[in-house]
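Please examine the sequence and the three-dimensional structure shown below.

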Amino acid sequence: MNTFYITTPIYYPNGPPHIGHAYTTVYADVLARFARLLEKDVFFLTGNDEHGLKIQRFAEKLGKTPKEVVDEMATVYRDYWLRLNISYDYFIRTTDSVHEKVVMDSFRKLYEKGYVYKDKYGGFYCVECEKYYLPGEYVEVEGKPYCPIHNKPLEYLEEETYYFKLSEFKDFLLQVLRNDKIVYPEEYSLEVTSRIEKEGLRDISIARPVERVSWGVKVPFDPSYVIYVWFDALLNYITGAGYATDPSRFEKYWVNVHHVVGKDILWFHTAVWFSILKALDIPLPKKVLVHAFLINKGLKIGKSAGNVISIDDLLSRYNGPDGVRYILSRVFNMSKDSEVSFELMDAIYNDELADTYGNLVRRVGALAMKKLKGKIYRREVDKKLNEQITLRLNTYLERMGNYDVPGAIIEIMELLREGNAYVNNTRPWEKEDPSKELYSLLELIRVSTITLAPVIPNAASKVAEEFGFRIENPARVQLGVLERYNIRNAPILFKKVMPQQST
Ligand code: MSP
């Protein structure tokens, strides 16, 4: 199985992406780039979730049509992903006609198979979440039901609707969630399992009357209804891989699909999505990789809390995409929310990128140019350093293989610290011919650069080019075989930032 298909959630374009969206997207990008380095056939999908009440209201507020707004915002999102060096292969939009057709055909198929039926529905609805909250799920503020995520009053809605028979999939879901290790880390699987065990599974409404929500895909056989935005959105993962247009391509990638999602949308990506797939006779995803939130002073970063950190500020403060990508990858955490502030981000950037990686590259490059005119020929790699490089590289590969990007990065930072210590201890500047020391150090820099390439692709390419080596498959790297390094420049990769007090 040499394909690797990875997806991000598709984002609601009712504002530009912020640090929280970048967090998910950069993580997916690092995994995509790592898989490409391992010579896999990668397909990386991201995009926007363009239908539904949230977008409809956002457009009304701007005095524009929803279509105008989503068209503009698609450009805005693409532009941010470009500036963050996100190497997606396809940008899906739920207003794509091919996608809309998949949504309609799937809805019809489920109706014909008896998984969809019409009935009355009443309940409390959150427009921001685009979902109904059941008793027990919402919080009460002064006796009124409030959305637990957005802390806003819920609207009571009553309507005839189409239901999806989620309840039929209870045993299937429990069996899969208990045994198949699809959801990672496993604690999230347990979370869903215990919710199903405790609350059971109710059928869910998957359409809205067109007079309430006009902006969406119509129910094909009943145009007075619009298909629920989550049903529409989840199907992006199959449309994007060519489900309707190129079945062989779809099959090739689908067998190894990885969905990256925040824990807020875990339920949709397990209970709901797995059941829809089962009902459509499509195999379940290989992995659902779930992460926790970026928080600031204890609150989830987002538009609702008003504590957004903009991608523009990050890009300018940390000198372009590499700095931002590194920081986000470094604080990435699947299980625990990560508190971020400029103070913390400055410290990571300065200590690790500037003082550890940048410093070693600069020092070794400058020494090589001064002492040996930049030409460092092959020598036996220092035995201890060789062992350290090999060990750290293996741990890195293992961690990346377990989707543990921050753990893998930390390992390489340790290696780079060992490199800096080796310079201090061996004092190559005092030697007439420090070839052995410098060759050993360059091997360490080469391995570090290759392994960090998925996170800081620009800096990695620059070092590889200036020092004369190739960014290659890290699983195939061999030490002590490169004939010669040819150092043309000792670049300053990361200019330090002036530390700022907390945000
Ligand atoms: N449109 C739906 C997803 C549909 S996928 C079929 C949606 N969109 S969203 O714009 O609200 O973005 C959700 C995703 O953005 C979250 O699942 C998470 O991955 C990411 N994040 C947004 N804010 C975040 C943080 N503060 N921290 C971490 N991730 C965050 O839900």
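In this text, a helix is a DSSP run (H or I) of at least four residues, a strand is a DSSP run (E) of at least two, and both are numbered from the N terminus. The model described here is a predicted one.

Which element gives the most to the shell around the ligand? That element is α1, which contributes four residues. The elements that supply two or more residues to this shell are α1 (19–37), α7 (229–234) and α8 (236–239). There are 25 residues around the ligand, and those that come nearest are Ile10, Thr24, Asp49, Leu294 and Ile301. Sorted by class, the shell consists of 14 nonpolar, eight polar and three charged residues.

Some of these neighbours can be described at the level of atoms. In Asp49, an N or O atom of the side chain is 2.7 Å from a nitrogen atom of the ligand. In Ile301, by contrast, a backbone N or O atom lies 2.7 Å from a nitrogen atom of the ligand. Gly20 also has a backbone N or O atom at 3.4 Å from a ligand nitrogen. How much of the ligand does the protein bury? Taken alone, the ligand exposes 670 Å², and the protein buries 95% of that.

The strands come next. Strands of a sheet pair through backbone hydrogen bonds, and they do so either parallel or antiparallel. Strand β1 (residues 3–7) and β2 are paired in the parallel sense over five bridges, and Thr3 stands opposite Asp41 in β2. Between these two strands the chain passes through α1, and this β-α-β crossover is right-handed.

Why is β2 described as largely enclosed by the rest of the structure? Seven of the eight residues of β2 (residues 41–48) are buried, so the strand is largely enclosed.

Another group of strands forms an open sheet of four in the order β5-β4-β8-β10, with antiparallel pairing. Its edge strands, β5 (131–133) and β10 (204–205), each pair on one side only. Strand β8 (residues 155–164) is joined to β10 by two bridges, and Tyr163 has Ser205 in β10 as its bridge partner.

There is also an open sheet of three strands, ordered β17-β16-β18, whose pairing is mixed. The edge strands in this case are β17 (299–300) and β18 (338–339). Strand β16 (residues 294–296) runs parallel to β18, and two bridges join them. Leu294 has Ser338 in β18 as its bridge partner, and Leu294 is also among the residues that come nearest to the ligand.

Finally, a few points of the backbone deserve attention. The peptide bond that joins Tyr184 and Pro185 is cis, with omega about -5°. Pro185 belongs to the loop between β9 (183–184) and α6 (186–199). Glu142 is not a glycine, yet its phi is positive, about 50°. This residue lies in the loop between β6 (139–141) and β7 (144–146). Is Glu142 buried or exposed? Its relative accessibility is 78%, and therefore Glu142 counts as exposed. Lys181, likewise not a glycine, has a positive phi of about 50°, and Lys181 is placed in the loop between α5 (170–179) and β9.

Key:
Residues are numbered from 1 along each chain as its sequence is written. This is a predicted model: local features need pLDDT of at least 70, side-chain atom pairs count only at pLDDT 80 or more; totals for chains, interfaces and linings use all residues. Side-chain values use heavy atoms; hydrogens and water are left out. A residue is near a molecule or strand if one of its heavy atoms lies within 4 Å of it. A polar contact is a pair of N or O atoms within 3.5 Å; within protein, one must be able to donate a hydrogen and the other to accept it, and residues adjacent in sequence count only if both atoms are side-chain atoms. Accessible areas come from the Shrake-Rupley method with a 1.4 Å probe; for residues, only the protein chains shown count as cover. Ala, Val, Leu, Ile, Met, Phe, Trp, Tyr, Cys and Pro count as nonpolar, Asp, Glu, Lys and Arg as charged, and the others, Gly among them, as polar. Two strands pair if DSSP finds at least two bridges between them. Buried means under 20% relative accessible area, exposed over 50%, partly exposed in between (1.4 Å probe, protein chains only). A crossover is right-handed if, with the strands pointing away from the viewer, the path from the first strand over the helix to the second runs clockwise.
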